[in-house]
Amino acid sequence: MTKTLTEKLSSNKEHPAIVTYIMGGDGGLDHLEEQLLFLEKSGVSAIEIGIPFSDPVADGPVIQLAGLRALKEQVSLEQILTKLASSIVQIPLIIMSYINPIFHLGIPKFVELLKNTPVKGLIIPDLPYEHQNLISPELERTDIALIPLVSLTSPKERLAEITKHAEGFIYAVTVNGTTGVRSEFDTHIDTHLAYLKSISPVPVLAGFGVSSIEHVEKFAHVCDGVIIGSKVVQMLHEKKTTELGDFLKKAANVRIEI
């Protein structure tokens with residue numbers, strides 16, 4: 001069964017898929033739906049919702065601070081999923097959570113709550129590919145894709161194994177390090193992304209450090225789209241919604257040369 005998330009991210013061949021990240025509960029849980037509807041109106045393809053966690057190993061400074069703000073609001077994974085159950089957002093949502101909050105809630109309960117929301121994807125950055133069976137059996141009969149992350153340093157044999165079983169999309173990490181705005185990327189990144197796209201049955205999206213229209217244009221020529229996180233989190237926190245909306249609309253309208 002092709003997952004809804006894969007279909008959505010594959011539907012537009014002329015423009016890149018734009019996935020944005022926000023921290024659930026940053027600014028208060030009551031503003032979550034407002035943030036989601038704003039991003040949907042800005043033309044993004046899907047939205048990642050981060051779950052606040054005290055020890056985020058992959059998060060850069062901007063997202064770490066957003067997580068701390070949400071934790072001060074005492075926002076939990078269960079509260080976020082309960083809130084999403086009444087969301088009217090029409091585009092796919094993606095939960096990005098470390099494994100500890102999921103274990104704490106309980107995997108069966110977590111998946112049951114997920115099924116009552118518009119969530120169509122799940123990313124667990126600290127769950128190795130070899131241990132995905134901790135949760136993948138619970139997702140098999142759902143429309144929720146377990147999305148793999150792949151790094152720049154993964155050997156081709158491992159990339160082939162991961163992509164062969166991939167659902168939703170491939171989250172191609174573009175840097176060796178944590179999230180955050182960057183001005184430059186590895187000189188071999190284009191070759192890496194093009195190779196991933198050549199072997200992957202699902203869309204390949206570039207994430208970590210994407211923060212400008214130039215970045216979107218660069219990656220749109222070698223993969224299927226981008227994930228924009230720290231820039232979105234920071235601009236929402238600074239209430240620069242007009243500027244952010246204009247940026248996202250422009251990113252979504254970048255043309256892919258065929």
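Leucine L65 lies in helix α3, which spans residues 61–72; helices here are DSSP runs of H or I of at least four residues, strands are runs of E of at least two, and both are numbered from the N terminus. The model is a predicted one, in which local features need pLDDT of at least 70 and side-chain atom pairs count only at pLDDT 80 or more, while totals for chains, interfaces and linings use all residues. Residues are numbered from 1 along each chain as its sequence is written, and side-chain values use heavy atoms, with hydrogens and water left out.

With a relative accessible area of 48%, L65 is partly exposed (buried means under 20%, exposed over 50%, partly exposed in between, with a 1.4 Å probe and protein chains only). Together with L68 and L71, L65 forms a nonpolar surface patch with about 250 Å² of accessible area. Such patches consist of residues with over 30% relative accessible area and no salt bridge, with like charges joined within 9 Å and nonpolar side chains (Val, Leu, Ile, Met, Phe, Trp, Tyr) within 5 Å; areas come from the Shrake-Rupley method with a 1.4 Å probe, and for residues only the protein chains shown count as cover.

Turning to the sheet, 9 strands with parallel pairing form an open arrangement in the order β5-β4-β3-β2-β1-β9-β8-β7-β6, where pairing requires at least two DSSP bridges between two strands. Strands β5 (145–146) and β6 (149–150) stand at the edges with a single partner strand each, so one side of each has no neighbour in the sheet. Strand β4 (residues 119–123) is joined to β5 by 2 bridges, the two running parallel, and G121 stands opposite A145 in β5. Helix α12 (residues 241–252) packs on the sheet, touching β1 (17–23) and β9 (225–228), and its direction makes about 150 degrees with that of β1. Contact here means heavy atoms within 4.5 Å; axes are lines fitted to C-alpha atoms, for helices over the stretch in contact, with angles from 0 to 180 degrees between N-to-C directions.

The whole structure holds 11 salt bridges, each a side-chain nitrogen of Lys or Arg within 4 Å of a carboxyl oxygen of Asp or Glu. Among them, R255 and E14 meet at 3.5 Å, N to O. This pair links distant parts of the chain, 241 residues apart: R255 is in the segment after α12, and E14 in the loop between α1 (4–10) and β1. R255 is exposed at 52% relative accessibility, whereas E14 is partly exposed at 41%.
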